[in-house]
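Dear colleague,

I am handing over a structure for your files. Please find it below, followed by an account of what was found in it.

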Amino acid sequence: MRAHPLATDAVLAVGALVAMLLGSFVDPHGPLGPSFRTRAPEPVSLLLMLLAAAALVFRRRSPRTVLAVTCGLTLVELATGEPRAPVAMSAVIALYTVAARTDRPTTWRTGLLTMAGLTGVAMLAGPLPWYAQENIGIFAWTGMAAAAGDAVRSRRAFVDAIRERAERAERTREEEARRRVAEERLRIARDLHDVVAHHIALVNVQAGVAAHVMDRRPDQAKEALAHVRDASRSALNELRATVGLLRQSGDPEAPTEPAPGLAVLDELLDTFRHAGLPVEATVQLGTGAAPDPLPAAVDLAAYRVIQEALTNVRKHAGPGAQAQVSVVRAGASVEVTVLDDGGDSADSAPAPGDPGGGHGLLGMRERTTALGGTCFTGPRYGGGYRVHAILPV
């Protein structure tokens, strides 16, 4: 029916024509009540019924025009028909179509005008008395047609609104799922970068030291290789813990160790000291004997910022560089500062042409921004580099 509306309306028009023809042979005022085939319609009435039914074929294309045509034909029948044929049935169908396909104000205006016009002509110009049941019936049928069309239109609008709301909710849900997946991928990539960049840089430094002193100072080479083993073991453990986050809840070998934080900051600094980078640290998280612990996300972010900043110092600063780490609780935030003097190099920032440069600084900014904080990085006056992150608690 939706694919072929014109054919559907043609079938409806044929049905309406048959109904009007059958009704024209019924006499409602017979001696024993309504009787069939006790009267016959006039040729003019047959022509009016045929024209009204033909107009109904185009009721969806031009509903107001069809209503005007059917009302005009109905008025002619009401004023001249004797006996009267039910041409008004076509006007009732046309009025229902207008009410179902327009808005409510238009339905009210058109419905009242149609009801008043047809009923008034039937009462004043027709052959029957003004109080005849046929005249009251025209008023009732036109009113019901307008009300039914308005109800159908409201129902369709309600269903369309529900369908649109469901489709919009589905699109929003898919966009939210994609956004969460992208954020999770970014977080995992950031963690992997922090782990790999730190430990692999230390392994590279210690392996170079071992290769350099292997022949002349085997004891120092042995110590460097031990640091390589410890750094690689730490890297494997952190990689295992990070990859374990991707497992399902029922998968084996789920991570059981807590994420690193400032509680193990001394161990992190020792790895850099063993790699030949002197590091001084100052940690002030409170004035009491047992300061309040930091939230897990803030604790991890502070640890990762220090780890990445010192890794950049070790990779990019010149020989003899020294670093200073400061973690201070200031009111409702924690300030993390990592400074270096650059050593024999002008600064310790990643070089623009460095294939691995830039990701660590971007990761630090993303971590702090995700927590509502800020991160400032840049060269220091007189040489060296400065990393300053403010993390709200």
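Which exposed residues does the face of helix 8 turned away from its buried side carry? They are Asp 266 and Glu 267, where exposed means over 50% relative accessible area, buried under 20%, and partly exposed in between (1.4 Å probe, protein chains only). Helices (H or I, at least four residues) and strands (E, at least two) are DSSP runs, numbered from the N terminus.

Before going further, please note that this is a predicted model, in which local features need pLDDT of at least 70 and side-chain atom pairs count only at pLDDT 80 or more, while totals for chains, interfaces and linings use all residues. Residues are numbered from 1 along each chain as its sequence is written, and side-chain values use heavy atoms, with hydrogens and water left out.

The chain has 393 residues, 38% of them buried, and its secondary structure comes to 10 helices and 7 strands.

Helix 8 spans residues 265-274, and its buried residues are Leu 265, Leu 268, Leu 269 and Phe 272. Viewed down the helix axis, these fall within an arc of 95 degrees (taken from the directions from the axis to the C-beta atoms), so they line one face of the helix. After helix 8 comes Gly 276, which has a positive phi, near 95 degrees.

The largest nonpolar core has 39 residues, and Ile 306 and Leu 310 touch the most other members. Such a core is a set of buried Ala, Val, Leu, Ile, Met, Phe, Trp, Tyr and Cys residues joined through side-chain atoms within 4.5 Å. Helix 9 provides the largest share of this core, 9 residues. Leaving aside residues up to four places away in sequence, Ile 306 touches Leu 262, Leu 265, Leu 268, Val 325, Val 327, Val 336 and Val 338; contact here means heavy atoms within 4.5 Å. Another core, of 20 residues, lies apart from it and includes Val 92, Ile 93, Leu 95 and Leu 118.

Gln 307 lies in helix 9 (residues 296-316) and is buried, with a relative accessible area of 0%. Its side chain is joined to that of Arg 304 by a polar contact of 3.0 Å. A polar contact is a pair of N or O atoms within 3.5 Å; within protein, one must be able to donate a hydrogen and the other to accept it, and residues adjacent in sequence count only if both atoms are side-chain atoms.

With kind regards
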